[in-house]
Amino acid sequence: METLANLESFVRSAESGSFSAAGRRLALTPAAVSRNVAMLERNLGVRLFQRSTRKLTLTEAGERFLAAIGGNLEALQAAIATVSSDRGEPAGVLKLSLAPSFGVTWVMPLLPEFLARYPAIRPEWHFDNRAVDLIAEGFDAAIGGGFELAAGMVSRTLAPAHVIAVASPAYLRGRTLPTHPSMLQSLDGIVMRSGRTGRTRQWVMRDAAGDEQGIEMQERIVLNDPAAMREAALQGLGVTLLAVPDVLPWLERGELVRVLPQWYADAGSISLYYPTRTLLPAKTRVFVDHVVEVFRRERLAERFAGSLGGLRHQGRGRPRRGLT
């Protein structure tokens, strides 16, 4: 009887047309996938793929075998995941994609409690400022925003992605504080350049009354990373626009203050992305449940809101549960 690894390697290679792409989905090396497929061919006594340096195509026998397997592989994977869950032993590599600043500040602190509950899970976390292709790159889940949902993908909203203007108290000292977004142009701007478009990021801010105003800032400093932008603001170099999670601890400590507290920009939402629920491995399911539990327990959706119902406290001392 064939092993699940051999069958998975065959099906994923057939779907992607590449041992490398299959390996990314299965968290295996291309060589390991190739060995699994070769073992399957040897055991079956037929060649399933025509191989070349550029292309991997199914033989006629391979096409028949793939059609015969049909949805049975997915059903088998689901059964294994269910059994693992029933044993209470979620296990295996958990490959996750995270935005660097958000992941380090807000998701890494979840790890000790999670691993204490599920010691057989081995995290493999990638910190990238990009929307990865979960299926093609073999990720179990991702946390971020702006992902395009492919077929079979699930998006679960965790919190709003609101952008606010912040600066250090030292920079603002002695300056006329803006009362309207149009007045930001008189201050030194720390702005972000998009690696995808090559242009500096533009925002439209809104207030509680629903008024909107496009933002034009002096490009005093141009950076491409939120953590670097925050650091420049902490050094008193100007005003920057960043998502609340990227600045909230510094606001709560009084190291940054909010400029234009009546206004914020809406950048969508922070979401948890993962493959369809029906075939979710136990390791992914318990991680999803843990993240949702912590966000609810710590009231992070409320704390990340940039609207007037959120950030209020900007003093020093013990952080409050409400947003600054």
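The following legends describe close-up views of a predicted model.

**View 1. The largest nonpolar core of the protein chain.** This core comprises 45 residues, of which I143, L272, F287 and F304 touch the most other members. Helix α12, spanning residues 282–297, supplies the largest share of the core, with 7 residues. Apart from this core lies another one, of 19 residues, including V191, L241, V259 and A265. In soluble globular proteins, nonpolar side chains tend to be buried together.

**View 2. The surroundings of I143.** With residues up to four places away in sequence left out, I143 is in contact with L96, S97, L98, A99, F102 and V107, and also with L158, I270, S271, L272, F287 and V291. Two of these partners, L272 and F287, are named with I143 among the residues that touch the most other members of the largest core.

**View 3. L260 in the loop between β12 and β13.** L260 counts as buried because its relative accessibility is 4%, under the 20% limit. Beyond four places in sequence, L260 touches P178, T179, H180, P181 and L184. M205 lies 55 residues from L260 in sequence, and the two C-alpha atoms are 10.0 Å apart.

**View 4. Confidence along the protein chain.** The mean pLDDT is 84, and 84% of the residues reach 70 or more. Helix α9 (residues 169–172) has the highest confidence, at a mean of 97, whereas helix α5 (residues 72–86) has the lowest, at 59. Over residues 309–324 pLDDT stays under 50, and the model has 52 contacts for this stretch beyond four places in sequence.

Definitions and conventions. Residues numbered from 1 in each chain as written. Predicted model: local features only at pLDDT ≥ 70, side-chain atom pairs only at ≥ 80, totals over all residues. Heavy atoms only, no water. Core = buried A, V, L, I, M, F, W, Y, C linked by side-chain atoms within 4.5 Å. Buried < 20%, exposed > 50% of the residue type's maximum accessible area, 1.4 Å probe, protein only. Helix = DSSP H or I, 4+ residues; strand = E, 2+ residues; numbered from the N terminus. Contact = heavy atoms within 4.5 Å. pLDDT = per-residue confidence, 0-100.
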